Each structure stands twice: as C-alpha cells, then as structure tokens.
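Reader: Before we turn to details, could you take me through this structure one point at a time, and state the cut-off behind each term when you use it?

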Amino acid sequence: MAVERVRVMTGSNYDVIVVGGGPGGLAAAVHMAQKGLKVKVFEKKKVLGKPVRCGEFFPYKDEMAKLLPRVKDLDVLDVPSNAADNKCSKIRVVSPRGKVFEFPFNSFILDRHIFESHLADVARSYGAEVDVGIQVHYYPDKNGVGPSPEKVVTSDLVIASDGFPSETAAAAGLPEKEYANPYSVATNMQYLMTDLEVEQDVAELYMDPRYSPGGYGWIIPKGEKSANVGIGIREPYVKREWTIRDLLVGFIEKNKVASNRLRGGKRASMVADSLPVDGPLKRTYTDKVMAVGDAAGMVMPTNGGGIPTALITGRLAGEAAVRYFESKVPLSSYEDAWKEQMGTEMENSRIMRVVSDRFMGHGFMFHLMLRLIGTERISDVIMCQMPSNMDKIFHLLA
Ligand SMILES: Cc1cc2nc3c(=O)[nH]c(=O)nc-3n(C[C@H](O)[C@H](O)[C@H](O)COP(=O)(O)OP(=O)(O)OC[C@H]3O[C@@H](n4cnc5c(N)ncnc54)[C@H](O)[C@@H]3O)c2cc1C
C-alpha cells in the first residue's frame, strides 16, 4: 500500500526503471517486482544473453558461501538445471612455465541465454515489464529514461545495470570515468571452440604474461567437445605491437600446455568486451540511482568473475529500493549493505591483484611466486580470500 501511495504522489510512470537486462538488472527486477513495485527493464540486445560475452563459469552456491561468507541470501545464485551446459569439479592453474596447481572447486558452466531468459521470465511472472531490443539513455533533468529525450519514460528510481563502462551511472554523476584507467580495466576476448578433446570437468586458468599480459587465459569446457577459450589482458602490460586477437591466437597456438589441449579444435565464434578489475566504484548510489554489477565495478579482481556479484548486488539494490518505497530509507542503505556483506572480500581481492601485478610482467618471477605460495594459497587468492598469515605482507606490498 505504501508503495502505491508514493507512485501516485510523484506521478512517475514506474517505481523503478532498470537499464540493462543482464544478471544484475534482472536479479534486481525479480526482487522488486515480487515485492509489488512497478518495474520496467530496458535491454538493448534483441535476445537476452546473446551474443554471450562471457566464459560462463559460475561457482556453486556453497562455493560462493565460502567465498563471500557474509552475504545473507545466496538464493539469488540458484541455477535452473536447463541453464547449465556443463559442470566442473576442479580448477587447474597453469604457471608461465607449465607447472600445474589443481584444487577442487564445483562450478556450473552456464548457458547465459537460457539463464537470463529464465530470470526475465521470473521477473515477468511477478509483473515486471522486460522490453528487449531497446537502447535507452538516462536523462536526469527529465526524471527518466528513453531511446531519445522526446520519448522518456519516468520513474522514481533508476538502476544502472548496463555493464561497464556504464553510461547510466556516468549520467547520474557516479565516478565511472574516474575508474577507467588502463590498470583498472581488462579487455577480454574469447572464442567458442568446438571439436576439442579437453577434459570436461576441469576449468583451466593459464598465467602466461606472453599471451595474456596483465590477466590470464582460460579453457572452460562447455560439454559436447566444446569450450570457451579466452584471454584477459590489460593494456599497460602489452609489450609487443600485438592486437588482443594476435595474443589470443598466440595463446591457442603457442602456449605449451594449452596448444596441446586445443590441437585440432575449430574456432566457432568470437566475442570481446571490457571488464572493471579494480573493485567497486568509490560511490555506487545517488538519491535516485543505484549502480549494480559491472556498472558498479562489482567484479572479483583476482578472478575476473562478475556474474555472482552482479546477481548479489542486483538483489541488494532491489532490497534497498523496496526499503525506499516502504519507509523512505535513503539509497545509501544499498551501499551499506554491499559493503557489510562483501566489501571486505572485494577489497582483499583488489589488494591481492595489485600485489600480483608486481610479478605479472615477468614470466619467471610469476612462476616463482606461484611455486612459493603453493596450491592452497593460490586457491585462496583466486577465491578472494587473504591467505592465512599473509595479510600483512600483501598490505605492505600493495
Ligand atoms: C570475455 C568475458 C568472459 C567472462 N567470463 C566470466 C566468467 O566465466 N564468469 C563470470 O562470473 N564472469 C565472467 N565475465 C564477467 C561477466 O560477464 C560480467 O561480470 C557480468 O555479465 C556482469 O553482469 P551485469 O548484469 O552487471 O552486466 P552485463 O552482463 O554486461 O549486462 C548489461 C546489459 O546491459 C545492456 N545494456 C547496455 N547498455 C544499455 C542501454 N543503453 N540500454 C539498454 N540496455 C543496455 C547490455 O546489452 C547487457 O545485456 C566475463 C566477461 C567477459 C567480457
């Protein structure tokens, strides 16, 4: 009832408009619509989740509970069985010199089109409108969002979930542009490869400064002899006159371990996109707008994973919107919530990324560092946990 009254008083078309129908925006929409808010999502892609710009690696809920132990409600990470193409039970890290470190870790390999369509269906079932194939812009002076200033739809709140860099967050005055320095942003490129003989229950990460400078390479098996094969790089670490495509082809054809695994495979399709890897934006809300997922820098800096954190922050923003309409709680409650529930892990992960940056440029040093810290601590670092007894050293080196 309280919700209804606010909308009637302000005369807006919607309580909340969500710009971007990826995991973050859709998770927010599901929660808000379920709680009775009038919600509209605009997604510029014609088909949700397609083309896929993602390795689609997605930890099981109980793995995420270890990774982000303070998150109160992880149900937002539930995956319907038809949205998983494959399951892996291990992660294997390969050093620049080919040494292998392997540890158990359960994950789904998603079909993001099915996953995001499912979220949209759930949001619609609660009454949300999800419009696809419409690119919109945020016009703060017109109090709304639309494909042009003449076609604005108004709302009391806006959720910026349009990925990175977020035009919506920037238009709202959030520090999106300040974030975008070349050390803070990775460029990822990936082929879907077929006709492969790769092991299907191991996701592989390759630390190889030659072909993934400033990032890492991956082989993520998708089932049926296929895999997402990609690299993430950061510009300042690229020493040769190579494009990212040259580097990816180099990784596939010349990395000693990967080239053996991928021999005979066919490259079916290619995608590329940028990713924020320096932790959350310094500010993630205004009095009217909340930024979630990539738009807010919510990617785990040591592993580049952003689907779970987009879902979690989307849900937290949805909860803050409900509080706003029910009892006028300001949107700062969103930032308070994500800081309380995942702020420490995101900051630890950022610090560990900054420290490993010091070794990234040198293959041998990086190899040595991996050998010294060993499998258990490598697993901690990748999973955003400060390895025991090492927090002082990491803080000192950062
Ligand atoms: C190559 C690559 C591989 C990756 N692999 C993994 C992985 O294996 N596991 C993992 O967890 N993460 C991975 N990530 C990161 C992950 O894809 C993102 O962190 C995640 O998708 C973030 O979700 P989001 O909802 O915040 O943003 P997005 O998924 O980017 O969704 C934003 C949506 O907004 C839409 N949009 C943008 N602008 C507008 C506009 N003006 N109007 C309307 N709609 C708009 C976009 O079309 C898009 O659908 C990878 C990223 C890349 C680039």
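Reader: In which loop is the place of Pro165?

Author: Residues are numbered from 1 along each chain as its sequence is written. The model is predicted, so that local features need pLDDT of at least 70 and side-chain atom pairs count only at pLDDT 80 or more, whereas totals for chains, interfaces and linings use all residues. Pro165 is joined to Phe164 by a cis peptide bond, with omega about -10°. With helices (H or I, at least four residues) and strands (E, at least two) taken as DSSP runs numbered from the N terminus, Pro165 is placed in the loop between strand S9 (153-160) and helix H5 (167-171).

Reader: Is Glu56 buried or exposed?

Author: Glu56 is in the loop between S2 and S3, and has a positive phi of about 70° although it is not a glycine. A residue is buried if 20 or more other C-beta atoms, placed from the backbone, lie within 10 Å of its own, exposed if 12 or fewer do, and partly exposed in between. Because 24 C-beta neighbours lie inside 10 Å of Glu56, it counts as buried.

Reader: What is the order of the strands in the open sheet of eight strands?

Author: Two strands pair if DSSP finds at least two bridges between them. S4 (residues 84-94) is joined by nine bridges to S5 (residues 100-110), which runs antiparallel to it, and S4 pairs with S11 in the parallel sense over five bridges. S11 in turn pairs with S12 (residues 217-223) in the antiparallel sense over three bridges. With mixed pairing, the order of the open sheet is S3-S5-S4-S11-S12-S13-S10-S14.

Reader: At about what angle to S5 does helix H11 run?

Author: Axes are lines fitted to C-alpha atoms, for helices over the stretch in contact, and angles run from 0 to 180 degrees between N-to-C directions. Helix H11 (residues 363-382) lies across S4 and S5, and its angle to S5 is about 35°.

Reader: How many residues of domain 2 are in contact with domain 1?

Author: The chain is divided into domain 1 (2-79 + 111-181 + 278-349) and domain 2 (85-108 + 183-276), with bounds that come from an automatic or database domain assignment. Their centres, taken over C-alpha atoms, are separated by 28 Å. Two residues are in contact if their C-beta atoms, placed from the backbone, lie within 7 Å. Domain 1 gives 22 residues to these contacts, and the number from domain 2 is 21.

Reader: Between which domains does the ligand lie, and why?

Author: The ligand is surrounded by 37 residues, the closest being Gly20, Gly22, Gly55, Gly293 and Gly306, where a residue is near a molecule if its C-beta atom, placed from the backbone, lies within 6 Å of it. Among the elements that give two or more residues to this shell are helix H2 (23-34) and strand S14 (266-276). Both domains give residues to the shell, so the ligand lies between domain 1 and domain 2.
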